Amino acid sequence: MDYVEGFVAAVPTKNKDEYIRHATEAAQLFKEHGATRLVECWGDDVPSGEKTSFPQAVQCREDETVVFSWVIWPSRQARDAGMKAIMEDPRMQDNPMPFDGSRLIYGGFQMIVNQ
């Protein structure tokens, strides 16, 4: 079954166009290195919670917007190899993240329901 890598980040709202450019270029690299799909979502209705929330998780500031994205891979092995290749690809080095990467949350997930 497919493997999913998910990401949540806080992006300066003024950097939306730059983020879209960055994500579009990165999506091409992900696909070249084995990903089957990449989805990027710009926060539209992402409330702060009292105990937990997306904004709290990434320490989102008032001038930032939460983004949520995921990459679909054929397997964890494909993800591991693909991510290693992406991080070593010089094109990724030439495509700096337009946000504070230290507040990026990410993780790999085994898909258990896919309808």
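Predicted model: local features only at pLDDT ≥ 70, side-chain atom pairs only at ≥ 80, totals over all residues.
Which strands does helix 1 lie across, and at about what angle does it run to strand 2? Helix 1 lies across strand 1, strand 2 and strand 3, and its direction is at about 170 degrees to that of strand 2.

**Entry: helix 3.** I looked up helix 3 in the same way. Helix 3 lies across strand 1, strand 3 and strand 4, and runs at about 120 degrees to strand 3.

Entry: I traced four strands in an open sheet, with the order 2-3-1-4 and antiparallel pairing. Strand 2 (37-42) and strand 4 (105-110) are at the edges; each has a single partner strand, so one side of each lacks a neighbour in the sheet. From one strand to the next, the twist averages 15 degrees.

**Entry: strands 1 and 4.** I then examined the antiparallel pair of strand 1 and strand 4, which six bridges join. Gly-6 has Gly-107 in strand 4 as its bridge partner.

**Entry: the cores.** I found 13 residues in the largest nonpolar core, where Phe-30, Val-71, Trp-73 and Ile-86 have the most contacts inside it. At least two residues of this core come from each of strand 1 (3-12), helix 1 (16-32), strand 3 (64-73) and helix 3 (76-88). Helix 1 gives the largest share, four residues. A second core, separate and of six residues, includes Ala-9, Tyr-19, Ala-23 and Phe-99.

**Entry: Phe-30.** Which residues does Phe-30 contact, leaving aside neighbours within four places in sequence? I recorded Ala-35, Leu-38, Val-71, Trp-73, Met-83 and Ile-86.

How values were computed
Residues numbered from 1 in each chain as written. Heavy atoms only, no water. Core = buried A, V, L, I, M, F, W, Y, C linked by side-chain atoms within 4.5 Å. Buried < 20%, exposed > 50% of the residue type's maximum accessible area, 1.4 Å probe, protein only. Contact = heavy atoms within 4.5 Å. Pairing = 2+ DSSP bridges. Axes fitted to C-alpha atoms, helices over the stretch in contact; angles between N-to-C directions.
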